[in-house]
Amino acid sequence: RDAQESRGLGDVYKRQVLDLLIEDLAKLPKIASTGINAHFLVTFVKKHGILFEEFLLAQQKTSCTLELVIYPTTRFAYLYLMCQRAAGNMAALRLVSESPILDAIKLQLKKRGKDGVKGLKECEVFEELVTSRNFKQELLGVTALLEPFSLVLHYLEGDSIPVSHVYPCFQFMYDFTQQLQEFDTITKLLDADE
């Protein structure tokens with residue numbers, strides 16, 4: 001029984017260590033900025049029902065089946081998923097930015113005068129993000145950096161994971177961090193933070 005309790009504390013500890021590691025990575029300025037922009041992108045499309053319908057049609061045209069997701073702000077391990085899905089949907093999002101539906105929304109916002117200024121600014125930010133090559137590269141960099149850590153965390157959270165798997169998982173993450181300079185998308189992302 002003591003061994004089981006000790007193992008249970010070890011499981012909590014390893015998850016806590018990984019959670020804190022991913023949280024620290026997600027708070028690096030460039031990664032945090034990319035996460036905020038990805039969150040804005042997904043929220044913008046989903047909050048306008050007609051725009052979201054246009055997005056679903058654009059997905060069909062681009063043969064993309066990835067659902068856009070928003071991660072809870074306290075679950076940094078899901079940040080990679082939101083960025084990966086946004087990057088994977090960039091062609092569909094670009095079609096939405098070029099659609100007459102977005103033009104109709106902007107026209108309605110202009111008619112509101114001062115009340116529509118904030119909405120117009122959001123439309124501009126949306127258009128800038130989906131047409132920016134740099135932003136797509138940032139999304140890919142965040143995904144490449146955080147995905148291995150997040151996958152290991154979710155794997156180790158399983159109830160039936162043998163203790164013998166913990167060390168190889170941590171060794172994998174250590175080896176991955178030692179090779180980060182070999183990944184262009186990641187090094188460009190991290191260099192921007194200096």
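How many of the 194 residues of the protein count as buried? The answer is 38% of them, where buried means under 20% relative accessible area, exposed means over 50% and partly exposed lies in between, with a 1.4 Å probe and protein chains only. Before I go on, please keep in mind that this is a predicted model, in which local features need pLDDT of at least 70 and side-chain atom pairs count only at pLDDT 80 or more, while totals for chains, interfaces and linings use all residues. Residues are numbered from 1 along each chain as its sequence is written, and side-chain values use heavy atoms, with hydrogens and water left out.

Let me start with the overall build. The protein has ten helices and zero strands; helices here are DSSP runs of H or I with at least four residues, strands are runs of E with at least two, and both are numbered from the N terminus. If we take contact to mean heavy atoms within 4.5 Å, then among contacts with a separation of 6 or more, 74% join residues 24 or more positions apart.

Now to the interior. A nonpolar core is a set of buried Ala, Val, Leu, Ile, Met, Phe, Trp, Tyr and Cys residues joined through side-chain atoms within 4.5 Å. The largest one here has 50 residues, of which L41, L79, L93, F126, L139 and L146 touch the most other members. Helix α8, residues 133-156, gives the most to this core, with nine residues. As general background, nonpolar side chains in soluble globular proteins tend to be buried together. Setting aside residues up to four places away in sequence, F126 touches F40, L41, F44, V45, L93, V96, S97 and L102.

How does α8 pack against helix α4, residues 79-88? The angle is about 140° and the axes are 8 Å apart, the axes being lines fitted to C-alpha atoms over the stretch in contact, with angles that run from 0 to 180 degrees between N-to-C directions. That makes α4 oblique to α8, since angles under 35 degrees count as roughly parallel, over 145 as roughly antiparallel, 65 to 115 as roughly perpendicular and the rest as oblique. Among the residues that make this contact are L79 and Y80 of α4, and L139 and L146 of α8.

With helix α9, residues 166-178, the angle to α8 is about 175° and the axes are 11 Å apart, and that makes α8 roughly antiparallel to α9. The residues that meet include F149 and Y155 in α8, and F170 and F176 in α9.

S97 sits in helix α5, residues 90-97, and counts as buried at 9% relative accessibility. A polar atom of the S97 side chain lies 2.7 Å from the backbone oxygen of R94.

K106, in helix α6, residues 100-111, is also buried, with a relative accessible area of 19%. The K106 side chain makes a polar contact with the side chain of E127 at 2.9 Å; a polar contact is a pair of N or O atoms within 3.5 Å, where within protein one must be able to donate a hydrogen and the other to accept it, and residues adjacent in sequence count only if both atoms are side-chain atoms.

S63, by contrast, counts as exposed at 63% relative accessibility, and lies in the loop between α3 and α4. Most residues other than glycine have a negative phi, yet S63, which is not a glycine, has a positive phi of about 55°.
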